[in-house]
Amino acid sequence: MATASGGDKGTRNLVIVMISFIVVVGVVFSLISSRSNSTAAIPATVSEADGYGIVLNPESTPKIDVYVDYQCPACRVFEIINGGYLNEVIAQKKAKVVFHPMTFIGPESILAANSAACAADESKFVDMNLALFQNQSDSENTGKWSSEYLVELGKSIGINSSTFETCVNDGKYIKWTSNVAAASAKADVNGTPTIFVNGKQLDRDTEYGDQAKFRAALAAGGVK
């Protein structure tokens with residue numbers, strides 16, 4: 001699990017700066033991602049009603065929506081600070097958690113999102129989500145996240161099935177990522193990370209980069 005640490009002022013400031021940049025880029029993303037794909041293969045854990053997100057604990061309440069791009073540096077910082085607690089919430093079924101893998105940064109974001117969906121088919125989404133952030137490149141679209149690399153990353157977290165390998169290599173869910181993008185644009189999500197609890201967006205300036213405030217925000221939304 002990611003190590004959660006809420007007291008680092010420098011890290012909080014880094015989150016704010018990075019998120020501000022991603023929001024600007026995301027405005028462009030929202031303009032070019034308005035169409036879903038009716039021919040897309042849809043992962044079994046995905047709910048159209050939940051914006052084509054990957055749903056964990058579908059019967060639980062409250063609902064937490066998590067919008068990330070796996071190449072987004074601010075998303076990695078968010079994972080470092082809050083991922084451990086969020087994974088605890090998932091494991092203990094304290095909330096319905098819906099992940100929306102966005103892909104506005106480029107082609108390797110699409111490949112990563114596809115691999116995360118393939119991992120979800122193997123009941124390994126949480127592990128793959130963490131592994132992707134732990135293995136994020138220092139810059140975008142470097143060629144690191146090839147299909148071959150992502151298959152090996154899956155193996156490193158215990159996914160050894162030929163089904164997963166085929167899913168990644170064939171890009172089974174690549175078209176699905178356009179559905180996620182279109183639904184996110186309709187929800188006015190223009191940057192990552194973006195977090196909602198029961199439809200209320202958390203304050204990115206205060207609640208993303210401080211674990212104590214993030215926990216408090218989830219508690220205020222009904223996470224026990």
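A disulfide, that is, a pair of cysteine sulfur atoms within 2.5 Å, joins C118 to C167, with an S to S distance of 2.0 Å. The two cysteines belong to distant parts of the chain, 49 residues apart: C118 sits in helix α3 (residues 107-121) and C167 in helix α6 (residues 162-170). Here helices (H or I, at least four residues) and strands (E, at least two) are DSSP runs, numbered from the N terminus. In general, a disulfide is a covalent bond between the sulfur atoms of two cysteines. The link of C118 and C167 is left-handed, with -80° about the S-S bond. Both C118 and C167 are buried, where buried means under 20% relative accessible area, exposed over 50%, and partly exposed in between (1.4 Å probe, protein chains only). A search of the whole structure finds 1 disulfide. Two further cysteines are also buried, C72 with a relative accessible area of 0% and C75 with 1%.

The structure is a predicted model, in which local features need pLDDT of at least 70 and side-chain atom pairs count only at pLDDT 80 or more, while totals for chains, interfaces and linings use all residues. Residues are numbered from 1 along each chain as its sequence is written, and side-chain values use heavy atoms, with hydrogens and water left out.

The interior comes next. Contact means heavy atoms within 4.5 Å; apart from neighbours within four places in sequence, the partners of I64 include L86, V89, V97, I195, F196, L218 and V223. L132 is one of the buried residues of helix α4. That helix, residues 125-134, is mostly covered, with 7 of its 10 residues buried.

Rings of Phe, Tyr and Trp (its six-membered ring) pair if their centres lie within 6.5 Å; planes under 30 degrees apart count as stacked, over 60 as edge-to-face and the rest as tilted. The whole structure holds 5 aromatic pairs. One of them is edge-to-face: the rings of Y67 and F196 have centres 6.0 Å apart and planes at 70°. Because Y67 lies in strand β3 and F196 in strand β5, this pair ties together parts that are 129 residues apart in sequence. Y67 and F196 are both buried. The rings of Y70 and F133 form a tilted pair, their centres 5.1 Å apart and their planes at 50°. Y70 is in the loop between β3 and α2 and F133 in helix α4, so parts 63 residues apart in sequence are tied together. Y70 is buried at 0% relative accessibility, as is F133 at 3%. Ring pairs also link F78, Y208 and F214 into a cluster.

Finally, two loops hold backbone features of interest. In the loop between β2 (53-56) and β3 (63-68) lies P62, joined to T61 by a cis peptide bond with omega about -5°. N57 is in the loop between β2 and β3, and its phi is near 60°, a positive value in a residue other than glycine. The loop between α7 (174-186) and β5 (194-197) holds P193, and the peptide bond from T192 to P193 is cis, with omega near -5°. D188 is found in the loop between α7 and β5, and phi of D188 is near 60°, again positive in a residue other than glycine.
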